[in-house]
Amino acid sequence: MGMTITEKLLARAAGKEAVSAGELIMAKVDFCLGNDITAPVAIDEFEKAGFDSVFDPARIALIPDHFTPNKDIKSATLVKQMREFARRFHIEHFYEVGRVGVEHALLPELGLVGPGDVVVGADSHTCTYGALGAFATGVGSTDLAGAMATGRVWFRVPASVKFEFSGAPGPFLTGKDFILYLIGEIGVDGALYEAMEFTGPAIAGLSMDSRFSMANMAIEAGAKNGIFAADATTKAYVKGRFRRESLYAYSDTDAVYARVYAWDASRIPLMVAKPHLPGNAAAAADLNDIAVDQVVIGSCTNGRIEDLRQAAEVLRGRKVHKDVRCIVIPATQAVWRQAMTEGLFEVFLEAEAVVSAPTCGPCLGGHMGILAPGERAVSTTNRNFIGRMGHPTSEVYLAGPYVAAASAVAGHVATPQQVGLKAPGAQEAVAAGVPDKGERSAR
Amino acid sequence: MSAIRGCAWTFGRDVDTDQIIAARYLNMKTAEELACHLMEDCDAEFPQKVKAGDIMVARENFGCGSSREHAPIAIKGAGVPVVIAKSFARIFYRNAFNTGLPILVAPEAVDGISEGDELEVDLETGSIRNLTTGKDYQAEALPPFMRELVAAGGLLPYLKKSTSER
């Protein structure tokens, strides 16, 4: 019987010829990571259990990105604990402010994770690395403690579900729209405990950054991991970057899938997810009556260079609406520098958006953009749970960078076309029917 | 010995870890501190209302979202001895086992429990009795590997033992 990519990578990690869905295995990990929220708890557990060595100081990353630059004394103390642990065990990949970035943008960028890897991270969005053809999944702090000490972790082998996208996506469509559409179709537990395998001709045309956005949100459908088979796009990305040897695995033609979904990408509109679940999918164009107080462009989902270019494409020559605060957060120092070099900051500053240092910050209501009671944000992040970005009565609409930037300009949820952007190849801007820039509909 | 008695607090489906413990409190990590904010964004008075020994009962996908182990730590910190749900999100499921918070998957029991019902739960056998209605239910059995983890006293003692045996 054939195996899926996920099964092949887990079989290798478990030292077995084959594994099948439902089996419980102990697996070797190629890399593990934790952040300033989860690593301190892992370090406590590591010490409590009496471990006195790590399995490999070069295969552990400790990334202070959530509350950094440290927002208060308690956060600073957590990072101090990480720093001391990193020094004590000679952990190679601990990065201070000035070098650090949002973990799931930083690790692929630095070439610390790559095709064929089995990666666990004490952060639910670790599934992002599936974009590279790796098996990557989020675990808790105790799991991370065990992985740091022994290099091993237990898994229940997930059943695989195939998601096939065909057809030509419409203008301004990105991976974020694909994944929001998908979660809207199957629900926030639609792939509970399962492996999501993204495939089809429309996927082949997606950039790496779009694939990172999609794999990133596999957890929002309850999945254990999301994975793409490596192709020319993947290979071009990891070339000269990935520090270990790539292992390319592909699903067998007779591999077993629990379910197969097939969608025509040409029918997917520019998407948002309404409060308070990532599965509350809606077409952005239909929500012009939703006024917005804040727009956040960044995060492990959409803080990469292509995301910033897309936001700049909309904001170039336009202004952020007078009632909106627009916060742009490049995910890493390299993305920051690239955006600066390309002149994107000039665009953002002219538009009257603010550019922040790399941080997870507002995504989790941590700092740098907290919402007051009743306020509403459009955000390129991954979660819109109750109180996620601030007060429990505030609201978050999830979207891709094009819709987020257009919403910042319009002052309400909008598409790029609705703020006058020409679709590539279109004869003229489809600006008709857009409310005047200065006016916002009532809430 | 493993039978527990407590009153039920009921919750809906897709209770996420931001509701269990909001991220703004994740600059803390002790059970005592975290318990003061348990389920606060769902019900601001919950930390005052919940009493040690009370049992949390939820519908599908309890604990979805973030990997924060602070969620089971906060629940344990409030003295909640067990969570019963129709299903659990996967990271919460492993975190509960790894940190020693007992959880039971029992869809029928969840349908038969109302807020405030008094429950008797046997963690060894997974039997659940609703003392208020007099009805009995059975939770799903644990896979053998999970029993081994529990018997070893959690993930780290298990790993330590199995590593030293190799």
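## Helix H5 of chain B

A residue counts as buried when its relative accessible area is under 20%. Keep that cut-off in mind as you look at this predicted model, starting with helix H5 of chain B, which spans residues 90-99. Ten of its ten residues are buried, so by the cut-off each has under 20% relative accessible area, and the helix is mostly covered.

Here is who sits in that helix: the buried residues of H5(B) are B:Arg90, B:Ile91, B:Phe92, B:Tyr93, B:Arg94, B:Asn95, B:Ala96, B:Phe97, B:Asn98 and B:Thr99.

## Cysteines and disulfides

Now for the cysteines. A disulfide is a covalent bond linking the sulfur atoms of two cysteines. Here a pair is counted when the two sulfur atoms lie within 2.5 Å, and the count over all chains is zero. A:Cys127 is in no disulfide, as the nearest cysteine sulfur belongs to A:Cys300 and is 8.4 Å away. A:Cys127 is also buried, with a relative accessible area of 0%.

In chain B, B:Cys42 is likewise in no disulfide. The cysteine sulfur nearest to B:Cys42 is that of B:Cys64, 12 Å away. B:Cys42 is partly exposed, and its relative accessible area is 39%.

## Confidence in the model

For the model, the ipTM is 0.95 and the pTM is 0.95.

Notes: Residues are numbered from 1 along each chain as its sequence is written. Chains are lettered from A and ligands numbered from 1 in the order in which they are written. This is a predicted model: local features need pLDDT of at least 70, side-chain atom pairs count only at pLDDT 80 or more; totals for chains, interfaces and linings use all residues. Side-chain values use heavy atoms; hydrogens and water are left out. Buried means under 20% relative accessible area, exposed over 50%, partly exposed in between (1.4 Å probe, protein chains only). Helices (H or I, at least four residues) and strands (E, at least two) are DSSP runs, numbered from the N terminus.
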